[in-house]
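Have a look at the picture first, then read on.

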Amino acid sequence: MASTNSWTLEIESPMAAPRLFRAGVMDWHNLAPKVAPHIVASAHPVEGAGGIGVGSVRQFNFTSAMPFSVMKEKLEFLDVEKCECKSTLIEGGGIGTAIETATSHIKVEPTANGGCVVKVESTYKLLPSVEGKDETTKAKDSITNIFKGAEAYLIANPDAYN
């Protein structure tokens with residue numbers, strides 16, 4: 001029987017929290033294909049207010065670099081002022097093949113030096129035949145790459161997402 005597991009991750013960034021939240025969370029469906037075209041072929045809102053309102057669903061289509069071709073996530077909670085959101089993986093991304101359920105809570109908090117720290121907590125239930133360690137490592141690497149990609153974009157484009 002599969003059990004529910006969780007992991008946490010913290011990613012430090014020199015970017016201001018609101019800019020990184022807007023780029024790496026709110027607008028990631030538009031930015032990802034530009035920043036990581038070798039991984040994200042395309043992305044778009046499927047349901048809801050442009051993919052950024054509570055209840056909205058975004059779809060990400062991946063290249064052959066990923067072990068799955070599509071992922072859909074539903075936004076369950078959003079507080080733009082606090083740079084915080086919660087989402088649920090509803091299709092693709094390993095659902096049905098490795099993962100039974102998965103949710104993520106992301107909070108981007110300002111630091112004293114003007115940068116921020118991205119705090120991620122993911123809760124998931126693996127299918128009974130799946131080893132959790134590999135899936136956790138892949139998920140942490142993926143989240144880190146998302147925020148480091150958004151950070152690189154913001155450094156190269158200082159007027160973006162202000």
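Once you set aside the neighbours within four places in sequence, Gly94 is in contact with Phe68 and Ile99. This is a predicted model, so keep that in mind as you read, because side-chain atom pairs count only at pLDDT 80 or more. Where does Gly94 sit? You'll find Gly94 in the loop between E5 and E6. Is Gly94 buried or exposed? Gly94 counts as buried because its relative accessible area is 12%, and the cut-off for buried is under 20%. As for Tyr153, that residue is 59 residues from Gly94 along the chain, and their C-alpha atoms are separated by 28 Å.

Now for the sheet. Seven strands make up an open sheet with antiparallel pairing, in the order E1-E7-E6-E5-E4-E3-E2. At the edges are E1 (4-13) and E2 (40-47), each pairing on one side only. On average, neighbouring strands of this sheet are turned by 20 degrees against each other, direction ignored.

| Helix | Strands touched | Angle between directions |
|---|---|---|
| H1 (residues 17-26) | E1, E3, E4 (70-79), E5 (84-92), E6 (99-110), E7 (116-126) | about 155 degrees with E6 |
| H2 (residues 28-35) | E2, E3 | about 170 degrees with E2 |

Methods
Residues are numbered from 1 along each chain as its sequence is written. This is a predicted model: local features need pLDDT of at least 70, side-chain atom pairs count only at pLDDT 80 or more; totals for chains, interfaces and linings use all residues. Side-chain values use heavy atoms; hydrogens and water are left out. Two strands pair if DSSP finds at least two bridges between them. Helices (H or I, at least four residues) and strands (E, at least two) are DSSP runs, numbered from the N terminus. Axes are lines fitted to C-alpha atoms, for helices over the stretch in contact, and angles run from 0 to 180 degrees between N-to-C directions. Contact means heavy atoms within 4.5 Å. Buried means under 20% relative accessible area, exposed over 50%, partly exposed in between (1.4 Å probe, protein chains only).
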